[in-house]
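Dear colleague,

Please find below the structure that I am handing over to you.

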Amino acid sequence: MDFQDYKSFWNDKASTPRGALVAVDGSHDERTVRLTGAFSAAQARAALDLQAADRVFELGCGVGRIGRELAGEVAHWHGLDISENMLGVARERLAGTGDCAFSPLQGPRLDALGDASMDKGYCVAVFIHMDKEDFVLYLRDVARVLRPGGLFYFDHWNLAHPVGWRRFALEFEQAARLPAGQRKDVARNQFVVPQEVEAYVRGVGLEPVLVLDDSPCVQVVARKPDGDALAGAREAERLRNAAPRISYGEQWTTYFDAIVADEAEARGPRRLVALLAARPADDPVARMFRAWIHGAWQSRPDWGPLPADLDPAA
Ligand SMILES: C[S@@+](CC[C@H](N)C(=O)[O-])C[C@H]1O[C@@H](n2cnc3c(N)ncnc32)[C@H](O)[C@@H]1O
């Protein structure tokens, strides 16, 4: 189907709760989405130095994969998404968790949030799926809703990293096979370079206090200026120390590269399975990828029989 707008594209993906889980990060079940949610929540927690008194928003919260892990730790959590269907699943998953609100978005603005009303916000795996104009328009409204000194953490595909480039190659090879003139998918993956993201952040009046480029994702923490140079410098110093807990890191990047390489050859995830087999059962990153690939295997009969060591019951 040729979707002309983000809302219909994502509402269609999230027309069932399982479809919504798969659409947010390829997780096929609740167990996997909790594992990946905990991983991403730890990154956001470190990036934003979350405190119990914080008022926090998530732009593009999806099923509340990350929000479910964080909402109970802060004073208020507000999830916003273009898809009402995603928000429906998020509402159910976060029921009884802290002080939460949910708002559907109608365009690249955060109308439900007042000026300078939020301490912190984050946005993971969302800007990668929109035109750059919409990305910048959202950033501009983030600058409006943050209080002075407030922080915003987000990521995007990193074209300047070799694994980011290989991920982009999947897209342009696919585009090469499209008939000329066929409309490109409105929510297709988009890619940026770190310098470009810094320009967008500065262009909307925020300060990029941390820009990580050591993985296929550019990860940014932006701060709303408050005229306090010392506070800004302290934040930058804190983030330098926190960077290893924010970064996707080498292990995640190696596994992701293996998935991309296997996908480029349109065959089962053999490289990833081999890498995972070499890791102990209690390695948390390997456990997360095992769960993820186990779920994906269920819908891919063409991958052949499931390796025994990927079965969570094994
Ligand atoms: C890949 S999912 C990631 C969800 C969530 N951030 C997470 O990491 O689990 C992308 C999410 O962004 C939302 N989204 C896509 N385009 C959007 C847009 N233009 N404005 C707001 N949300 C959007 C989708 O509905 C979906 O929930």
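The notes below concern the ligand, its surroundings and one annotated span.

This is a predicted model, in which local features need pLDDT of at least 70 and side-chain atom pairs count only at pLDDT 80 or more, while totals for chains, interfaces and linings use all residues. Residues are numbered from 1 along each chain as its sequence is written, and side-chain values use heavy atoms, with hydrogens and water left out.

The ligand is surrounded by 21 residues (a heavy atom within 4 Å), and the closest are G60, R65, D81, V124 and Y138. By class, this shell holds 14 nonpolar residues, 4 polar and 3 charged; here Ala, Val, Leu, Ile, Met, Phe, Trp, Tyr, Cys and Pro count as nonpolar, Asp, Glu, Lys and Arg as charged, and the others, Gly among them, as polar.

At G60, a polar backbone atom is 2.7 Å from a ligand nitrogen atom. Taken alone, the ligand exposes 590 Å² (Shrake-Rupley method, 1.4 Å probe), of which the protein buries 99%.

The helices α1 (6–13) and α2 (17–25) (DSSP runs of H or I, at least four residues) are the elements that give two or more residues to the shell.

Finally, an unreviewed UniProt entry lists residues 56–150 as "domain: Methyltransferase"; such annotations may be inferred rather than shown by experiment. The end C-alpha atoms of residues 56–150 lie 10 Å apart, and the span is 29% helix and 27% strand (DSSP runs of E, at least two residues).

With kind regards

Methods: Polar contact = N/O pair within 3.5 Å; in protein donor to acceptor, adjacent residues only side chain to side chain.
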